[in-house]
Amino acid sequence: MNMPLHDKYFDQFRSLPDAAPDPALYKTLLESTMAIPWKIDWATMRFAYIGPQIGPLLGWSPESWISVEDWASRIHPEDRDNVVNFCVSQSVAGVDHEADYRALTKDKGYVWIRDVVHVVRNEAGEVESLIGFMFDISERKRIEHELFKMQKKLEALSFEDGLTGSANRRRFDERLRAEWRSACAAQQPLSLVLLDIDHFKQYNDLYGHVQGDECLVRVAAALKAGERQRDIVARYGGEEFALLLPETDEAEALAIAEQCRHAIEALQIRHDHSNCSKVVSVSVGVGTVIPPADGEPRHFCDAVDKLLYAAKQKGRNQVVATFLG
């Protein structure tokens with residue numbers, strides 16, 4: 001198993017003989033490392049030593065590091081309190097520790113530092129000094145940040161419908177479960193709108209799948225245009241979309257559903273093989289519920305799907321809504 005880099009540095013010094021013939025050996029070894037060695041006298045809280053490597057890295061000369069106040073003042077303000085409080089408390093307790101923080105450079109930039117601290121005690125067990133190494137971990141932090149952004153992007157893609165950019169079914173199911181629990185706990189209404197594009201198979205047969213995909217993209221955009229902060233617009237199936245509306249009562253949900261139906265009609269996407277409209281239209285089912293403690297969200301979806309079916313049975317291009325309990 002590989003030893004952490006900072007442990008290797010400490011072990012270089014622990015392995016040296018107590019009676020080294022040339023004290024300059026220590027100094028040479030300290031100042032030839034990539035890490036920046038330092039020592040603080042506990043009684044005075046002043047630097048007894050800091051490696052010359054600090055100058056090229058941060059721009060502050062070794063002579064300017066006089067006390068712990070200099071160290072603290074050169075920590076990024078957003079990191080300062082947490083890092084100082086943590087390091088002081090660990091040192092007082094006599095515990096070896098390490099901390100990552102942004103160290104300010106003299107030209108007002110910053111460098112990510114990992115400070116590894118060893119607490120030195122005297123024969124009575126009292127803290128005598130602190131010795132440590134500062135490591136430049138800027139590149140590591142940059143890579144971590146890039147990996148984090150990539151992970152977030154992949155997570156977003158895993159919840160997004162690849163064609164329309166709306167939420168996919170997986171995201172919808174996750175949000176439905178969360179909003180169901182929230183509405184149940186607060187006894188607030190939860191509404192669901194299911195929309196199905198009328199005669200979409202005939203549209204695809206007449207105009208082709210490329211134009212069919214474009215139709216889906218435009219319908220999704222029209223639905224998302226009216227999306228409120230907590231709403232979610234999802235592609236529920238092939239040509240079916242769902243709107244999940246938290247804290248939305250029956251009347252408001254019906255109004256939103258009608259707005260969506262009119263917005264899609266307003267796109268004026270020609271549909272010559274529809275028997276309910278000359279342009280692309282939708283049939284809509286709307287259900288509202290105050291979730292009972294023993295209720296299941298899937299039963300709610302099934303009930304709203306039946307309302308959508310009723311809208312189709314009544315001639316399509318219309319909304320059927322009800323309060324489901």
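This note sets out several points on the structure shown above.

1. The structure is a predicted model. Its protein chain contains eleven helices and ten strands. Of the 325 residues in the chain, 42% are buried.

2. **Contacts and surface.** Among the contacts in the protein chain with a separation of 6 or more, 58% are between residues 24 or more positions apart. The accessible surface of the chain comes to about 17,800 Å². Carbon and sulfur atoms account for 53% of that surface.

3. **The pairing of α8 and α9.** Two packed helices are described by the angle between their axes and the distance between the axes. Helix α8 covers residues 200-207, and helix α9 covers residues 209-225. They pack at an angle of about 135°, and their axes are 7 Å apart. The angle therefore makes α8 oblique to α9, because an angle has to be over 145 degrees to count as roughly antiparallel.

4. **Residues between α8 and α9.** Which residues of α8 meet α9? From α8 come Phe200, Tyr203, Asn204 and Tyr207. They meet His209, Gln211, Gly212, Cys215 and Leu216 of α9. Sorted by class, this contact has five nonpolar and four polar residues, with no charged residues.

5. **Glu179 in helix α7.** Glu179 is part of helix α7, which spans residues 169-186. Is Glu179 buried or exposed? Its relative accessibility is 8%, so Glu179 counts as buried, the cut-off for buried being under 20%. The side chain of Glu179 forms a polar contact of 2.5 Å with the side chain of Arg230. Leaving aside residues up to four places away in sequence, Glu179 touches Leu190, Arg230, Leu244 and Pro246.

6. **Ser67 in a loop.** Where does Ser67 lie? Ser67 is in the loop between α3 (54-58) and α4 (68-73). With a relative accessibility of 12%, Ser67 counts as buried, because this value is under the 20% cut-off. The side chain of Ser67 makes a polar contact of 2.6 Å with the side chain of Glu69. When residues up to four places away in sequence are not counted, Ser67 touches Met45, Arg46 and Phe47.

7. **Two buried residues reviewed.** Glu179 belongs to a helix, whereas Ser67 belongs to a loop. Glu179 counts as buried, and Ser67 also counts as buried.

Note on methods
Residues numbered from 1 in each chain as written. Predicted model: local features only at pLDDT ≥ 70, side-chain atom pairs only at ≥ 80, totals over all residues. Heavy atoms only, no water. Helix = DSSP H or I, 4+ residues; strand = E, 2+ residues; numbered from the N terminus. Buried < 20%, exposed > 50% of the residue type's maximum accessible area, 1.4 Å probe, protein only. Contact = heavy atoms within 4.5 Å. Areas by Shrake-Rupley, 256 points an atom, 1.4 Å probe, with all protein chains shown as cover. Axes fitted to C-alpha atoms, helices over the stretch in contact; angles between N-to-C directions. Parallel < 35°, antiparallel > 145°, perpendicular 65-115°, else oblique. Nonpolar A, V, L, I, M, F, W, Y, C, P; charged D, E, K, R; others polar. Polar contact = N/O pair within 3.5 Å; in protein donor to acceptor, adjacent residues only side chain to side chain.
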